[in-house]
Amino acid sequence: MFRALWTSASGMQAQQTNLDVVSNNIANVNTVGFKQSRANFEDLIYQTIKDPGVRSSDENIVPSGIQVGLGVKLSDVSKIFSQGSLKQTERELDVAIEGEGFFKIDFPGGGEAYTRAGNFQLDNEGYLVTPEGYKLSPNIQVNAPETLISIAISPNGKVTAVRNEGGVQTTEELTDIKLYRFMNPSGLKALGQNLFVPTVASGEAIEGNPNSDGFGKLAQGFLESSNVNIVDEMVNLIVAQRAYEINSKGITTADEMLRTVSTLKA
């Protein structure tokens with residue numbers, strides 16, 4: 001019965017983590033480019049009382065053994081990088097990736113990170129930056145804002161500044177937008193702020209041009225919504241809550257059985 005107490009406790013701890021993951025998904029349902037997470041579990045070791053297949057006599061073997069599991073533990077929390085729906089914003093510096101790939105951004109002072117959130121802005125020097133001020137890489141700078149009419153971004157990453165110079169409309173090609181992908185995106189480490197950094201598990205970033213070689217194409221004036229399905233998450237929330245309650249019942253039942261045993265002598 002002591003074993004049942006700890007087994008049920010492991011179930012409650014696992015469901016608490018599950019609830020944390022589901023709650024984070026729901027909290028970020030409106031976060032641009034957010035990718036939902038899923039908690040995965042595995043059973044703990046087993047106490048083996050009798051191995052399956054041992055001989056019970058010279059002619060017979062035991063068809064199934066006696067093993068009692070000791071509970072559950074968290075195996076991993078994996079990101080699911082499925083495509084989020086595209087939302088039209090009609091803002092020229094909003095760019096969504098339709099398909100595989102990440103934008104790369106530069107950290108001030110060195111370092112790089114990757115993101116699916118394409119809600120870019122211009123900083124005071126004309127660079128395309130994230131809402132936190134991190135520059136898009138390769139850096140794209142728009143000069144002479146007094147002549148700038150608009151910025152056009154094509155599906156294959158070509159960036160063009162449309163200008164009015166002396167009453168004449170001209171175009172200027174700027175630096176192309178590149179995309180990056182990974183052998184195992186689930187191995188990326190989330191930093192918050194919609195940013196990821198590579199790890200040994202993800203592999204090195206592979207650079208490519210949008211809309212070619214399996215990379216997604218760019219959609220100007222759109223943002224990629226979170227891939228969280230709120231209905232599925234509400235169901236997951238209910239399942240986690242019920243599983244937590246059932247495990248607590250296991251503790252209560254084992255406690256009542258122990259109380260019964262302790263009163264036998266009286």
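The dialogue that follows takes cores, a surface patch, strands and backbone angles in turn.

Reply: Please note at the outset that this is a predicted model, in which local features need pLDDT of at least 70 and side-chain atom pairs count only at pLDDT 80 or more, while totals for chains, interfaces and linings use all residues. Residues are numbered from 1 along each chain as its sequence is written, and side-chain values use heavy atoms, with hydrogens and water left out.

Me: Which residues have the most contacts inside the largest nonpolar core?

Reply: In soluble globular proteins, nonpolar side chains tend to be buried together. A nonpolar core is a set of buried Ala, Val, Leu, Ile, Met, Phe, Trp, Tyr and Cys residues joined through side-chain atoms within 4.5 Å. Buried means under 20% relative accessible area, exposed over 50%, and partly exposed in between (1.4 Å probe, protein chains only). Here the largest such core holds 18 residues, and Phe103, Ile177 and Leu218 have the most contacts inside it. Strands S6 (95–98), S12 (148–153) and S13 (159–165) each give two or more residues to this core. Another core, of 6 residues, lies apart from it and includes Phe102, Tyr114, Phe182 and Leu188. Strands (E, at least two residues) and helices (H or I, at least four) are DSSP runs, numbered from the N terminus.

Me: Which residues make the nonpolar surface patch?

Reply: Patch residues have over 30% relative accessible area and no salt bridge; like charges are joined within 9 Å, and nonpolar side chains (Val, Leu, Ile, Met, Phe, Trp, Tyr) within 5 Å. A salt bridge is a side-chain nitrogen of Lys or Arg within 4 Å of a carboxyl oxygen of Asp or Glu. Accessible areas come from the Shrake-Rupley method with a 1.4 Å probe. In this model, Ile230, Val231, Met234, Val235 and Val239 make a patch of about 420 Å². Valine 235 belongs to helix H2 (residues 230–262) and counts as partly exposed because its relative accessibility is 46%.

Me: How many bridges join strand S7 to strand S8?

Reply: Two strands pair if DSSP finds at least two bridges between them. S7 (residues 103–106) and S8 (residues 112–115) run antiparallel and are joined by 4 bridges, with aspartate 106 opposite glutamate 112. The two form a hairpin with 5 residues between them, and glycine 109 in the turn has a positive phi of about 85°. S7 also runs antiparallel to S11, through 3 bridges; isoleucine 105 has leucine 136 of S11 as its bridge partner.

Me: What is the strand order in the open sheet of 3 strands?

Reply: The order is S12-S13-S14, with antiparallel pairing. S12 and S14 (168–173) stand at the edges, each with a single partner strand, so one side of each is left without a neighbour in the sheet. S13 and S14 are joined by 6 bridges, and arginine 163 stands opposite threonine 170 in S14.

Me: Which peptide bond is cis, and where is glutamate 90 placed?

Reply: Most residues other than glycine have a negative phi, and most peptide bonds are trans. The bond from serine 137 to proline 138 is cis, with omega near -5°; proline 138 is found in the loop between S11 (135–137) and S12. Glutamate 90, not a glycine, has a positive phi of about 60°. Glutamate 90 is placed in the loop between S5 (86–88) and S6, and is exposed, with a relative accessible area of 70%. Glutamine 193 likewise has a positive phi of about 60°; this residue is in the loop between S16 (189–192) and S17 (195–197).
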